[in-house]
Amino acid sequence: MSLSTQPTDPRTERDDVTQPTLGPLGLLRFAWRQLTSMRTALFLLLLLAVAALPGSIFPQRSIDAVRTADWIARHETAGPWLDRLGFFEVYASPWFAAIYLLLFVSLVGCVLPRSKVHWKAMRSQPPRAPKRLERLAAHDTVTVDGAPDEVLEQVRGALRAGRFRTHSHDATTVSAEKGYLKETGNLAFHLALIGVIVGMAWGHLLGWKADIILPVGESMANVAARYDTLSTGPLVDPADFEPFQMTLTRFDAEFETDVQGKGQFGSPRDFTAYVDFTKSPGAKVEKKVIRVNGPLETGGGTAFLLGNGYAPKITVKDAQGNVTYSDATPFLAQDNNYTSVGAVKVAGAGPEGKQLGFAGLFLPTAVLDDQGPRSVFPDALEPALALSAFEGTLFPGGRPQSVYSLDTAEMTQLENKEGTDLLRIWLTPGQTYTLPGGQGSITFDGVQRFAGISVRNDPGKELTLVSSLVALLGLILSLTIRRRRVFVRVSPADEQGRTVVSIGGLAKDDDEGMGEQLEDVLTRLKERS
Amino acid sequence: MTNENLATYANLSLYSAMAVLTLSMLAYAAYLAGLLPAREARAESAEGARERELVAAGGVGASGAGSGGASAAASEADGTGVPVRARKAGGVAQTLAILGTLLLLVSASLRGASVQRWPLGNMFEFGVASALFTMVVFVAWGMRRDLKWLGLFVVAPVLILLGLANTVWYTEAAELMPSLKSVWLVIHVTVATISVGLFAVGFVVALLYLAQDRFGADRGVLRALPAGRTLERLTYGLHIVAFPLWTFTLIAGAIWARQAWGSYWNWDPKEVWTFIIWVVYAAYLHARVTRGWRRQSATWVAVAGFVCIIVNYAVVNVYFVGQHSYSGL
């Protein structure tokens, strides 16, 4: 400041230190520069990696709500706090969104100006040759036959043959540049990433997914009310769903029985669902197959086979022999051997105004020993039901509840005939158990499989896929192509009819092939002269 | 469905590969040791080589110094008393490395034939394939430039990986679970394993670069390595091949996930880690061209990337609950 020739401002003289003052606009510009700088982008990238971590460590509510609730319940202090901080919904949490949105703002702020610069660069000529080519990192000088202007023409030809764009700013030099595709690829990569995230957002807004458990023999229609769960994007109207229907006619499951090694015996090997598919009411029935890696395109969403299990057919009768419940009741598998939990809810009230409920296990290959009832193989070889019985109010307060368990808050568990112990019912197919105290009977009629079908529609996926492929292509271009500038100056040599050719190369970053590039140009030049 | 005989031969081939690679590792160690005794001479020659490279880098001759550094100097100086023992050991090591790689290839192929599927269905098979591709990268690259200095540092970790695969992760040959029965297994997992092989060699070179930078180029075995600048460039060169392959792995995995699980992105732990690895390596490529970041710091980011790969493989596969649970353990 003391060297300044400007008259000193008396106000600043009083201060020991003068600080540049930033107005609100300047501050904003400063913040924008910081945000769009490479260092910030790099920091945000690393932060994104760190922020993605907890989602792989803690159970996520959107993936497994039951496991999440379980985890929170087991960690009394940490659980609720982590929940408040969004650790069980990391990828929908504000802080995760903040990072990737800032990253994308930074990306846009960096890429758009660069696109403009690159657009101009692509349409303009290579710059004027520097005065002293020997100062460039890679350079060489040779003397060749011919007059300077002839040689210059040959140089131009040699450079063009090497896919350079050339331009002469004066009569003795050629400036040449190539590798514009490197920056084009780089920009395409970054812009395509925006396409990826737009595709994801599009799919989120206009996509939907619905799940249904469909026992063999039952039908479903693509209407919101028929699904067990349905989640739709904010802009989706379920009334617009395509009216297809399907009936599950058969379900095949195969499990490993040959290999006895750890982790292999009993592993699933093949699942196939056979359906009768109708595209719209009244259309002809088509026989279709849905496999684990072979979803069914319905025309209004894709149907995936995402789960399977057993739905034992259970009948409950009252004391007079009237059927009060009869249904293929899906039980949810809890382990690899399909030890499954489920519940039977007899909604009709009994003699004293009490409702009946049963809860327990279905075991496809049942074993009952000192470890308790469990299944030892996933196929239905020795199926059995192990149930407890309850009476009281099934739906206290009308609260929503799982179909696979009883809310026993307002129910009491039934005891056995002697009143010595709680009632435990063990049924194999065809068996009937008569409940004590004239409560009627329960029959295990047989067992069927069910298919867990998920119908999903994601209109953004094509945009995401195309964008990510463009990104990959751009990435390859930007990493493999080199941006190179070559300058050539000719001057008459001391001998008559000969010309001194000085050549120098300038690369964007360290480029060990630059020397070879110059040699290549000189070789081409010699071939021409 | 599975052919027990072929599976047994696959294991025999694997044991042979391990034996051959052990010998190869010893020979590479002998090669490095053989370079060291003539300390004075070596130090001088290394110094000379570095000077030569600095000079050469300024001119058109730079291309010749690409393979530069001390080991290039060693071969140049062969006539003038570089230990013949070292040269012999190096040759033996390289031949054995090629043989070991072929045996690994035979093992993986027999394994695949025994179960009539692509042999990339469980942790054991991933381990063998990762070792195989790391060796393929090393051997193939070694045919284009002198990499004998790198041999010990690649073969030793490959042997550790094979040992772990054989003991901790061993899984009997068997069919696949339904979600893995897809052509995408071949595409997605193979490309993933190839890029892991490239990242692995890149990681080793990166560590050597950082070690040389930290402890000095004139210390112990570090003297036998190329100059730091060359090591750094080699690290970058490997990563820019591996990174697009990893990007492809991510895209192919998403396409497959959509087919098998109904949605192309499910935030499954394995997906999250694949993404984290991608982001970390993207950060490495950015850090390398960010002003104010030294090459050394950038290289540490690449090292962190490979640590993530190891976690993704050894921890996420086994301990994290997700849809990618096919470790076979």
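Let me start with chain A, which divides into domain 1 (24–118), domain 2 (126–178 + 482–528) and domain 3 (208–457); the bounds come from an automatic or database domain assignment. Between the C-alpha centres of domain 2 of chain A and domain 3 of chain A there are 79 Å.

Some housekeeping. This is a predicted model, where local features need pLDDT of at least 70, side-chain atom pairs count only at pLDDT 80 or more, and totals for chains, interfaces and linings use all residues. Residues are numbered from 1 along each chain as its sequence is written, while chains are lettered from A and ligands numbered from 1 in the order in which they are written.

Next, the contact between the chains. Chain B puts in 50 residues and chain A 49, with contact meaning that C-beta atoms, placed from the backbone, lie within 7 Å. On the chain B side, helix H8 (228–261) and helix H9 (269–288) each supply at least two residues. H9(B) gives the most, 11 residues. Helices here are DSSP runs (H or I, at least four residues), numbered from the N terminus. By class, the side of chain B that touches chain A has 28 nonpolar, 17 polar and 5 charged residues. Nonpolar means Ala, Val, Leu, Ile, Met, Phe, Trp, Tyr, Cys and Pro; charged means Asp, Glu, Lys and Arg; the others, Gly among them, are polar.

Last, a helix pair within chain B. The axes of H1 (residues 4–35) and H4 (residues 84–115) of chain B come within 7 Å and cross at roughly 160 degrees. Axes are lines fitted to C-alpha atoms over the stretch in contact, with angles from 0 to 180 degrees between N-to-C directions. H1(B) and H4(B) are therefore roughly antiparallel, the cut-off being over 145 degrees. Their contact has 26 nonpolar, 8 polar and 2 charged residues.

Notes. Angles under 35 degrees count as roughly parallel, over 145 as roughly antiparallel, 65 to 115 as roughly perpendicular and the rest as oblique. Two residues are in contact if their C-beta atoms, placed from the backbone, lie within 7 Å.
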